[in-house]
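Dear colleague,

Please find below the structure that I am handing over to you, together with its sequence.

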Amino acid sequence: MTTLVLAQNEWAYVAGGYGVTVGALLLFTISTIVKGRRIGRQVPVEERRWL
Amino acid sequence: MTSTPTDPVGTHPTAGSGLFRMHPDGTASRGSRIYGILVLVGVIVFLAVALLFSPADTGSENRMGDMIRIMYVHVPVAVACYTAFLVTAVSSIAYLWKRTEGWDLLAVASAEIGVVFTALTLATGSIWGHIAWGTWWEWDARLTSTLVLLLLYLGYLALRGSIADPTVRARRAAVLGIVAFLNVPIVHFSVTWWRGLHQDATVSRLDPTIDGLKLFALVFGMVLSVALFVWFMIHRFRLHYAAARLEAVGFDRALAERRAEGRSGGTITPEGSIT
């Protein structure tokens with residue numbers, strides 16, 4: 001019983017760690033794409049050259 | 001060619017071609033999208049390996065149980081933050097040498113990504129520490145030096161935000177980008193230079209303390225974090241490139257307005273030219 005409770009407790013921390021990481025990276029990705037589109041639209045056509 | 005009625009960028013000669021052809025509105029290109037999909041598939045496979053297929057740690061010298069799964073994200077995000085700050089430092093040196101805008105944009109793009117990965121390193125380390133050490137935070141050498149690293153690069157970004165002149169901003173930021181990187185070796189070797197709660201190296205030694213699927217999950221996570229860093233770099237660099245172009249257009253327009261003011265009766269058209 002103690003082992004089971006400990007294991008469940010560990011999994012809660014594991015879920016927290018993965019949740020924070022995936023969530024933060026997802027937010028950063030969305031923010032990058034949205035900001036890129038917003039700024040990209042304002043750039044004059046002749047200046048739109050990435051590479 | 002991709003084009004829209006109001007924005008025929010896909011037909012413009014400078015819009016790139018093939019894999020590098022840009023999205024009409026944003027920072028994506030066909031190549032970056034294909035790469036992004038590959039990274040996304042990698043993330044899904046990694047989550048399956050790290051959370052489902054790899055066993056709990058019961059045999060190694062540290063015996064972490066299921067908590068070892070946090071290491072599969074904690075170590076990779078730390079690797080990505082080292083990589084990001086190395087790119088910032090190298091780009092800063094290149095900027096001071098070449099004085100070209102591209103190196104400056106590369107440096108700031110990398111620093112931003114590094115800040116995100118450093119914050120994640122501290123967050124996942126804190127979660128790990130709460131169950132392993134019984135505390136969310138300890139003024140241990142590794143934790144403290146990592147916090148200093150985060151503050152240094154937040155300062156780097158704040159410095160950039162506080163200077164309007166692009167040339168002065170790039171030069172001062174480049175100096176700080178090089179100086180701040182001196183803290184990275186301190187962070188890395190802090191576990192061997194000072195006694196603390198943080199464990200020693202697990203993988204970067206000749207006899208790793210884990211093996212099999214556990215080692216695979218950790219190494220896979222590290223490779224994936226660098227792949228993610230590259231994806232972010234592509235998009236953040238393009239984002240800053242676009243912002244720099246906008247800034248330049250605004251500067252040219254402001255300059256034209258000042259010149260127009262200097263002439264009697266001079267007016268400025270919406271396109272920025274003087275009549």
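**Findings**

Chain B contains seven helices and zero strands. Please bear in mind that this is a predicted model.

Read from the N terminus, the order of elements in chain B is α-α-α-α-α-α-α. The chain has 275 residues, 45% of which count as buried. Among the contacts in chain B with a separation of 6 or more, 65% are between residues 24 or more positions apart. Its accessible surface amounts to about 13,600 Å², and carbon and sulfur atoms account for 67% of that area in chain B.

Chain A has one helix and zero strands. Of its 51 residues, 31% count as buried in chain A.

B:Thr88 belongs to helix α2, which spans residues 68–98 of chain B. Is B:Thr88 buried or exposed? Its relative accessible area is 0%, so B:Thr88 counts as buried, the cut-off being under 20%. Leaving aside residues up to four places away in sequence, B:Thr88 touches B:Ala107, B:Ser110 and B:Ala111, as well as B:Tyr153, B:Tyr156 and B:Gly177.

With kind regards

Methods. Residues numbered from 1 in each chain as written. Chains lettered and ligands numbered in written order. Predicted model: local features only at pLDDT ≥ 70, side-chain atom pairs only at ≥ 80, totals over all residues. Heavy atoms only, no water. Helix = DSSP H or I, 4+ residues; strand = E, 2+ residues; numbered from the N terminus. Buried < 20%, exposed > 50% of the residue type's maximum accessible area, 1.4 Å probe, protein only. Contact = heavy atoms within 4.5 Å. Areas by Shrake-Rupley, 256 points an atom, 1.4 Å probe, with all protein chains shown as cover.
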